[in-house]
Amino acid sequence: MIEIKNILDDLSNINTPKPLRLCGEYYLTSAELSEKLRITKRTLFRYIELGYLPYYMVSGKALFKESEIEEILLNDYRKK
């Protein structure tokens, strides 16, 4: 019974997306970032156009360094 559970756990992890990691940094796609921020992709790209979010173009895809996004959110957070 334990073997079956282990196999099922392994199978469930196959489709789980792994975070993109390059040179020790984690990167998010536009879909992942918009989901985390709970905004639409259009709003995300508007923030890019306005210069609010740094990004990197890799093979035609915008990638966002997770540490930079966290820093922006922490620095620009305003308590009410």
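The legends below describe several views of a predicted model.

**View 1. Overall fold of the protein chain.** Of the 80 residues in the protein chain, 18% are buried, meaning under 20% relative accessible area with a 1.4 Å probe, protein chains only.

**View 2. The open sheet.** Four strands are arranged in the order S1-S2-S4-S3 with antiparallel pairing, where two strands pair if DSSP finds at least two bridges between them. Strand S1 (20-22) and strand S3 (56-58) are at the edges, each with a single partner strand, so one side of each has no neighbour in the sheet.

**View 3. Strands S2 and S4.** Strand S2 (residues 25-29) runs antiparallel to strand S4 (residues 61-65), and three bridges join them; Thr29 stands opposite Leu63 in S4.

**View 4. Packing of H2 against H3.** Helix H2 (residues 30-37) and helix H3 (residues 41-49) pack at about 100°, their axes 9 Å apart, with axes fitted to C-alpha atoms over the stretch in contact and angles running from 0 to 180 degrees between N-to-C directions. H2 and H3 are therefore roughly perpendicular, a term covering 65 to 115 degrees. Ser30, Ala31, Leu33 and Ser34 in H2 meet Lys41, Leu44 and Phe45 in H3, contact being heavy atoms within 4.5 Å.

**Notes.** Residues are numbered from 1 along each chain as its sequence is written. Local features need pLDDT of at least 70, side-chain atom pairs count only at pLDDT 80 or more, and totals for chains, interfaces and linings use all residues, while side-chain values use heavy atoms, leaving out hydrogens and water.

Notes
Helices (H or I, at least four residues) and strands (E, at least two) are DSSP runs, numbered from the N terminus. Angles under 35 degrees count as roughly parallel, over 145 as roughly antiparallel, 65 to 115 as roughly perpendicular and the rest as oblique. Buried means under 20% relative accessible area, exposed over 50%, partly exposed in between (1.4 Å probe, protein chains only).
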